[in-house]
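Here is a short report on one protein chain. Look over the model first, then read on.

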Amino acid sequence: MRVSVDGGPAAPANEVVIQALDELLQTHNRSDAPGLVIGVARHGRPLYRRGLGLASIEHGVANTAWTRMRIGSTSKHFACLAALLLAEDGKLDLDDQVRRHFPELAPNAVEPTLRQLMNHTSGLRCYLDAGFLSDGLAVKPAGSGWAGQLRQRDVNFVAGQRFMYNNGGYHLLSLLIQRLGGMPFEQFLKERIFAPLGMVDTLSLPSDFAIHGNMATLHVKQADGSYKRGIFPSMELLGEGAMASTVDDMLRWLAHMRGPKRVGSDASWEQMLAPTRLGNGVTVPYGLGLMHHRYRGAEVIHHAGAVFGGSCQMLTVPGHALDIVILSNGAQVDVAALAKQVVDAALGDALLEPAPARPELDSFRPLLGKRYMSPSSGFVMGFAEADGRPALSLLNLPPFPLDGDELHWRLSFEDFAAGPFSIRRPGLAGAAAAPPTLQISESGVEESYHLLPETGPAIGEVGRELAGRYSVPELDAEAVMYVDGAELKMEVKGHLNSTLMSFEPLAADVLGWQMTAAELPLRGIARVQRQDGKVVALRFDTTRTRNLVFERQGG
């Protein structure tokens, strides 16, 4: 073990870290596929800067350490800082109600604040998630985000009571920054944040159609192994995820985040990093566009980002002045997991606590393949195995591995940016069957979930009741459900495009659904709403939208 000057354990030597990172990244060192760019710094000094794979398959251009890429939702905390700068200017208060600035929005029983837009607790619907359901990946013109938010008449939950990731809230925040800042959102970020910090290669780009120098192409891998160009379906992408940058600029940004502040007051930065307290007292480690918690005992601050054909992870370990930026333009890699591996390599076991033990699978086996539903919320959970671990499927999504202890299984907030979800462990050791009920909590709100049947109703039976036309005012869309051979399908016709869903009956009046287009792998649950025994609506749930109503038309 290396020893520091004060006699305590030290991080591995630089050459050891560099060798470990070379080995870790070797699989992405290809000349026939898109790749990534990684930058690692210690105490503000570059330790590792490398481009791997191709910036453009089309032109055979390699990624370099200075290649610029989209950073997706990592952009969000820049929008938060922009709002805080306007607060420092006296032009807004983060605790202003949203409708004070946007009276056109539908009124709510509990009006959300600007701060709640920023920490994803507003309860408002998201124009982006809703728009995918009706228009798929059709490119939406400028103004569509605002129009989509105006159409939302209902909310996902009462403001402040839960956490639900919401790009629409950041779109509204960005429009307000433009209005109060007196200039386009992109110009405000450049003048007030990028330029003062020397982030000369960083831009906020409203669309993927304009051409900019030194930009990597985004690559979406197809089922046959070929690639398609990644295009985000908007001409007015703002604070929800519009930035493009380089690892050098982002490392410069992380050094500023850890050190003396030249942009934003200390008080503003304290607000950025403060955890969010929900109305029931539960605290989640999301501040204003930043995640702040511990990993293997070390304090970490980070935010990931994803776009069509790319991803990003930005992470700093302030106590060790370790900064990490990973930008991908289509490499088949989980950049958030890769960043943790970089932390492991750079700090070593001597400076990090042991990784928590993973829950064993044996006592979980009676739950495998089972689904449960809450009668009160309609939320559906499924249980499966992933990588040899107990796993949870939310709303028909692919399963995600669980952590836990002797009393609970958990899907941690840090891993999923939702919930947190906690399942009381029933006495399953040696049990032959799954229990009829489970106690499951989301964001600290516990509900009883009832076991759904092993086999759902027949497609023909369900189709006869549900086939027909539906209207979806909040999507500006119409829909038709029909039986196609052995499949139950729905075509949703939006203002710009149409989408196609397939359905699996899970129980009486409960269906799982998924989009049929591979490029848009959305999934969720639909619940049948009846009045006097007659079908009057379907209510759709996704991880970012709850109770979206499809109104039945005709008899």
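## Terms and model

A residue is called buried when its relative accessible area is under 20%, and exposed when that area is over 50%. Partly exposed residues fall in between. Keep in mind that this is a predicted model.

## A covered helix

Helix H5 covers residues 127-135. How many of its nine residues are buried? The count is nine of nine, and H5 is mostly covered. Read along the helix from Tyr127, Leu128, Asp129 and Ala130 to Gly131, and each is buried. Phe132, Leu133, Ser134 and Asp135 are buried too.

What comes after H5? Gly136 follows, and its phi is positive, near 55°.

## The chain as a whole

The chain has 555 residues. Its secondary structure comes to 13 helices and 32 strands. The C-alpha trace spans about 75 × 60 × 50 Å along the principal axes.

A compact globule with 555 residues would have a radius of gyration near 24 Å. The chain has 24 Å, so the two agree. Of the 555 residues, 54% count as buried. The accessible surface comes to about 22700 Å². Carbon and sulfur atoms hold 51% of that surface.

## One cavity

How many cavities of 30 Å³ or more are there? The count comes to one. The largest cavity has a volume of about 120 Å³. Its lining is made of 14 residues. Nearest its centre lie Leu105, Ala106, Asn108, Leu124 and Gln152.

What classes of residue line the largest cavity? Six are nonpolar, three are polar and five are charged.

## The second largest pocket

The second largest pocket has a volume of about 480 Å³. Two elements each give two or more residues to its lining: strand E3 (54-56) and strand E4 (61-62). The lining has 25 residues. Those nearest the centre are His212, Met215, Ala216, Thr217 and Arg229.

By class, the lining of this pocket has 12 nonpolar residues.

## Two prolines in loops

Start with Pro359. It lies in the loop between helix H11 (335-347) and strand E16 (371-373). Is Pro359 buried or exposed? Its relative accessible area is 9%, so Pro359 is buried. Leaving out residues up to four places away in sequence, Pro359 touches Pro390, Leu402, Asp403, Gly404 and Trp409. Pro359 and Trp409 are 50 residues apart in sequence. In space they are 7.8 Å apart, C-alpha to C-alpha.

Pro420 sits in the loop between helix H12 (413-416) and strand E22 (421-424). Its relative accessible area is 26%, so Pro420 is partly exposed. Beyond its neighbours within four places in sequence, Pro420 is in contact with Val284, Leu411, Phe413, Ser441, Glu442, Ser443 and Gly444. Phe132, a buried residue of H5, is 288 residues from Pro420 in sequence. The C-alpha atoms of Phe132 and Pro420 are 25 Å apart.

## Backbone exceptions

Most peptide bonds are trans, and most residues other than glycine have a negative phi. The peptide bond from Gly419 to Pro420 is cis, with omega near 5°.

Asn396 is found in the loop between strand E18 (389-394) and strand E19 (400-401). With a relative accessible area of 12%, Asn396 is buried.

Asp509 is not a glycine, yet it has a positive phi of about 70°. Where is Asp509 found? Its place is the loop between strand E28 (498-507) and strand E29 (510-515). Its relative accessible area is 27%, so Asp509 is partly exposed.

Note on methods
Residues are numbered from 1 along each chain as its sequence is written. This is a predicted model: local features need pLDDT of at least 70, side-chain atom pairs count only at pLDDT 80 or more; totals for chains, interfaces and linings use all residues. Side-chain values use heavy atoms; hydrogens and water are left out. On a 1 Å grid over the protein atoms alone, a cavity is a set of points where a 1.4 Å probe fits but cannot get out, and a pocket is an open set with protein on both sides within 12 Å along at least five of seven lines; lining residues have an atom within 4 Å of a point. Grid points are joined across faces, edges and corners, and a volume is the space filled by probe spheres set on the points. Helices (H or I, at least four residues) and strands (E, at least two) are DSSP runs, numbered from the N terminus. Ala, Val, Leu, Ile, Met, Phe, Trp, Tyr, Cys and Pro count as nonpolar, Asp, Glu, Lys and Arg as charged, and the others, Gly among them, as polar. The radius of gyration is taken over C-alpha atoms; the globule rule is 2.2 Å times the number of residues to the power 0.38. Buried means under 20% relative accessible area, exposed over 50%, partly exposed in between (1.4 Å probe, protein chains only). Accessible areas come from the Shrake-Rupley method with a 1.4 Å probe; for residues, only the protein chains shown count as cover. Contact means heavy atoms within 4.5 Å.
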